[in-house]
Each structure stands twice: as structure tokens, then as C-alpha cells.
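This report goes through one structure by topic: sheet, cores, pocket and backbone.

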Amino acid sequence: VTSDQLRLLADAAERHGDGTLRLTCEENVVIPNVPAASVDALLAEPVFSKPGSRISVFPGKLMRGMVSCTGAQFCGLALIETKNRAMDVVAKLESQLDLPRTVRVHWTGCPNSCGQAQVADVGLMGAPARHEGKAVEGVRIFVGGTVGEGAALASELEAGVPCVESVLLP
């Protein structure tokens, strides 16, 4: 979420509710305390409908389960850029797949795992990789992580997968 988008959300929360915004650990924004009579007007706010906006009331089944750490853009420990890559990958996959349920895809830029890749259905963790003989940004891919009762860490499926579109999304 950009600062401009957050300002638009705050303005909408003030116009249609009590001005409260809540952020969840899943990187969602909740606007509580909106009277039922104001919901349609809130949903018509430009922040939800501007072309190219990353803010959606009804995200796809991959987008609603996507989590990403700040990545190399804002973290000196991250080995890869995560936020924009995660958005691009999810958008491409959602245009090609019809999923029966939400799929939790978590991106983390390094082994510190701020994006919690090991508890996702699909986790991607920044890692070194090679492509056509050159060092490139890459990921370790984890699958099968769960949370809640009976939680389990994901298993590593593949390591050193280059973050190159022809490889990551053939």
C-alpha cells in the first residue's frame, strides 16, 4: 500500500465510518464501524475502483492469500525484490487459473522469513540462483505449510529457482 492509497483509505473511512482503519497480519486493511447504509457509498470510493489500483474489496483467490515482506527495496537483508514481483506473479497466475479456494502464497526476501514462507500453501524465499551462467535473484520454493490447529511447516520443493519470468512463470 502506498502512502497515497493509505490516505485515500483513511479519507474514505472518515467519510463513511468513524475514521478507523485496522491492518491485519495478513496485510489486509479493515474499515470497521461503517453503518450498513454507508457500505455502498464506501465501496464506490475511487480508491477501490481506480484503474491499476492494488486496493480491492474482492481480490482474487491468490491475491487475498498473498503476503510479502518488504524485500530488497526496503530491507538490507533481503536477497530479492518481493512486493512488485509478488503482485506481478499473482496477477499473471490469476489470469490463467480458476482456483476453488484461497491459496496462501507468501514471499520473503531472505531466510529471516518476515514473509513467513514456511507456513504458506506456497512459500517463496529469496536465495541465490544462476541463469544462463550468471548470478541472478532466485527463490527457494516451499509447499504445504499450514497454520492453526495441526500446523506444519512447508517442505522445500526446489532451491535456486531464478526469478526470471521465463523460468518462474513459463
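## Two loop residues with positive phi

The model is predicted. Asparagine 33 sits in the loop between E2 and H2. Its phi is positive, about 60 degrees, although asparagine 33 is not a glycine. Most residues other than glycine have a negative phi. Asparagine 33 counts as partly exposed because its relative accessibility is 47%, between the limits of 20% and 50%.

Glutamine 116 is also not a glycine and has a positive phi, of about 55 degrees. The loop that holds glutamine 116 runs between E4 and strand E5 (122–131). With a relative accessibility of 44%, glutamine 116 is therefore classed as partly exposed.

## The sheet

An open sheet is formed by five strands, in the order E3-E4-E5-E6-E7, with mixed pairing. At its edges are strand E3 (66–68) and strand E7 (155–162), each of which pairs on one side only. On average, neighbouring strands of this sheet are turned by 25 degrees against each other, direction ignored.

E4 and E5 run parallel and are joined by four bridges. One of the residues involved is histidine 106, whose bridge partner in E5 is glycine 123.

## Nonpolar cores

The largest nonpolar core has 15 residues. Those that touch the most other members are Leu62, Met66, Val105, Trp107, Leu124, Val139 and Ile141. H4, strand E4 (105–108) and strand E6 (134–143) each supply at least two residues of this core. The biggest contribution is that of H4, which gives four residues.

Another core, of nine residues, lies apart from the largest one. Its members include Ala13, Ile31, Val47 and Ile55.

## The largest pocket

The volume of the largest pocket is about 1100 Å³. It is lined by 31 residues, and the closest to its centre are Val1, Glu27, Asn28, Val29 and Ile55. Ile55 is also listed among the members of the nine-residue core.

At least two lining residues come from each of helix H1 (3–16), strand E2 (29–30), helix H2 (39–43) and helix H4 (83–96).

Methods. Residues numbered from 1 in each chain as written. Predicted model: local features only at pLDDT ≥ 70, side-chain atom pairs only at ≥ 80, totals over all residues. Heavy atoms only, no water. 1 Å grid on protein atoms, 1.4 Å probe; cavity = no way out; pocket = protein on both sides within 12 Å on 5 of 7 lines; lining within 4 Å. Points joined across faces, edges and corners; volume = space filled by probe spheres on them. Core = buried A, V, L, I, M, F, W, Y, C linked by side-chain atoms within 4.5 Å. Buried < 20%, exposed > 50% of the residue type's maximum accessible area, 1.4 Å probe, protein only. Pairing = 2+ DSSP bridges. Axes fitted to C-alpha atoms, helices over the stretch in contact; angles between N-to-C directions.
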